[in-house]
Amino acid sequence: MLPQKQAEEAMVSSSNLTEHDDRAEEKANEAGFGLKSFLGHGGSVYDAWFSCASNQVAQVLLTLPYSFSQMGMLSGILLQIFYGMMGSWTAYLISILYVEYRSRKEKENVNFKNHVIQWFEVLDGLLGPYWKAVGLAFNCTFLLFGSVIQLIACASNIYYIDDNLDKRTWTYIFGACCATTVFIPSFHNYRIWSFLGLGMTTYTAWYITIAALANGQAPPIYCTPSAGTPVTVEIMHAMWKPKKFKYIYLIATLYVFTLTLPSSAAMYWAYGDQLLTHANAFALLPRNGWRDAAVILMLIHQFITFGFACTPLYFVWEKVIGMHDTEHIFEGAGSVACGDTNMIIRRETGKWSNFCNSYLLYFYPLALWNVDTLIQLSTMKFFSALPPASL
């Protein structure tokens, strides 16, 4: 009796979104198939699938072989499948909670035209302010560190092509480039980026697999027989029909398995415990045009992944300063430039505040590091100019 009641409640909650979804889909269909629709109307089931699949696999594609060398072939495969299934189940639960929260708010005539629902708001609406604080702290911390990891990964990868600069310098360079993701208004506008990103990781995964198998087992080999839910709500909110999200994450995970399992298993088969001292798969693969192409494609994909991680943080900052729900100042110009008539350009004040904030957070430690370096150099020059002390 209880499962039937829960099913009926879920149906009622989902039906509350039907009218809104139909209007959104009708509006998207009226947009046509021009450049504006192609770039800025990413709200279909396929867009959500591309976003989930692209966001699930990034630098982990290059470090999973290292994990296999620590766990063994069988344990690595089983734990990867277990992790993927747990992530899919979590995304399924989040989608149900999102639909329930949104249906309640729409009953209260809350308008989400210029508002992006986030996970901590779902927790606030369903569980109260305490869980809102917990969810906000967890998500912001996770996404912040995830963004930093992408910058470190960029520096690590580019170093295999150009080692003229140290990795810290490369991190600063890519940090400045990635900070421009603040100008991407919402997950609607990641349509083309998600598509390209998934293509890039697909190429890299199969390049690693083929290159490892072609290389063969490099002696000595010891083969012991024995991964993005923080942005789920934002991706779901960008859909025209969010209630269809329930199984998208699972299907995306199954596709990701076709990339991570063959490449990790092939690398571990070919190089074995050599991976224990080489955490990045590129370090063991022979340098040629195919590998350099994979490195460049992964760099571009990490830029996209950085945007996926930081865009929710931009939303949080807009809400903190009270600019998230404001009307667009240059809506017409933004529509022409980016192609989304509803939510195409971030509110100008909030956008520039985000832009300045992200660059200040980036340049502040950079400036401190440069000042510290100058002090050290000046100190060294001062002491080197002193006459030698007499004994």
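This is a predicted model: local features need pLDDT of at least 70, side-chain atom pairs count only at pLDDT 80 or more; totals for chains, interfaces and linings use all residues.
Residues are numbered from 1 along each chain as its sequence is written. Local features need pLDDT of at least 70, and side-chain atom pairs count only at pLDDT 80 or more.

The protein has 15 helices and zero strands; helices (H or I, at least four residues) and strands (E, at least two) are DSSP runs, numbered from the N terminus. Of its 391 residues, 46% count as buried, meaning under 20% relative accessible area with a 1.4 Å probe.

Angles run from 0 to 180 degrees between N-to-C directions, and axes are lines fitted to C-alpha atoms over the stretch in contact.

| Helix pair | Angle | Axis distance |
|---|---|---|
| α4 (residues 45–56) and α12 (residues 248–271) | about 50° | 9 Å |
| α10 (residues 191–215) and α12 | about 25° | 8 Å |

The angle with α4 makes α4 oblique to α12, and their crossing is right-handed. Contact (heavy atoms within 4.5 Å) involves Trp49 and Cys52 of α4 and Tyr249 and Tyr255 of α12, among others. By class, this contact has eleven nonpolar, two polar and no charged residues.

The angle with α10 makes α10 roughly parallel to α12, a class for angles under 35 degrees. The crossing of α10 and α12 is left-handed. Residues in contact include Trp206 and Leu213 of α10 and Tyr255, Pro262 and Trp269 of α12. They divide into 14 nonpolar, six polar and no charged. Tyr255 of α12 is part of the contact with α4 and of the contact with α10.

Key. Side-chain values use heavy atoms; hydrogens and water are left out. Angles under 35 degrees count as roughly parallel, over 145 as roughly antiparallel, 65 to 115 as roughly perpendicular and the rest as oblique. A crossing is left-handed if the near helix is turned anticlockwise from the far one by less than a right angle, and right-handed if clockwise. Ala, Val, Leu, Ile, Met, Phe, Trp, Tyr, Cys and Pro count as nonpolar, Asp, Glu, Lys and Arg as charged, and the others, Gly among them, as polar. Buried means under 20% relative accessible area, exposed over 50%, partly exposed in between (1.4 Å probe, protein chains only).
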